[in-house]
Amino acid sequence: MLLNSRRVRGFTLIELLVVLAILGLLAGLVGPRLWGHFGKAKTSTAAVQIKDLEQAVETYRLDVGRFPSSKDGLQALNTKPANAPGWNGPYLKGGVPLDPWNNPYHYEVPSKHGMDFDIYSLGADNAPGGEGEDADVGNWQRGQQ
């Protein structure tokens, strides 16, 4: 039997540690930037969903002659309220969506922002106010998202 006199060479522990350190530095530099874009994407998604909800509310108003009440809320877009003659829904496919942070959208009539009605999400923290991903996203903020 012949013995292979060649020595099989692999990576040393130091080489592996250097590669892991480089990967760690790259993740530390690139990771936060990618995470920031992820938060902006959720905010943009909320703005698009709010626009769709607005259109459904406007269609409801054309059919019923008024906006859904705050009591009926956005559910009136898919389930006919008792006091809605002319209702021709459902006005949304698949029901009223949750916001990108899995919280229900808020709907208020009359508006507190000079609109006919307010539709908004409270952001990632689900609390009024906030900055960045925690900021509120509402139909009164056209062009600000």
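This is a predicted model: local features need pLDDT of at least 70, side-chain atom pairs count only at pLDDT 80 or more; totals for chains, interfaces and linings use all residues.
A salt bridge is taken here as a side-chain nitrogen of Lys or Arg within 4 Å of a carboxyl oxygen of Asp or Glu. Residues are numbered from 1 along each chain as its sequence is written, and side-chain values use heavy atoms, with hydrogens and water left out.

**Exercise 1.** Describe the secondary structure of the protein chain and its confidence.

*Solution.* Helices (H or I, at least four residues) and strands (E, at least two) are DSSP runs, numbered from the N terminus. Next, the mean pLDDT is lowest in helix 1 (residues 13–64), at 85, and highest in strand 1 (residues 106–108), at 95; the protein chain averages 86.

**Exercise 2.** Locate the salt bridges and characterise the residues that form them.

*Solution.* The whole structure holds two salt bridges. In one, the side chains of Arg61 and Glu58 meet at 3.3 Å, N to O; these residues are three apart in helix 1, which means that about one helical turn separates Arg61 from Glu58. By relative accessible area (buried under 20%, exposed over 50%, partly exposed in between; 1.4 Å probe, protein chains only), Arg61 is partly exposed at 32%, and Glu58 is partly exposed at 28%. Glu108 forms a salt bridge with Lys112, with the closest N and O atoms 3.6 Å apart, and Lys112 is exposed at 65%.

Definitions and conventions. pLDDT is the predictor's confidence in each residue, from 0 to 100.
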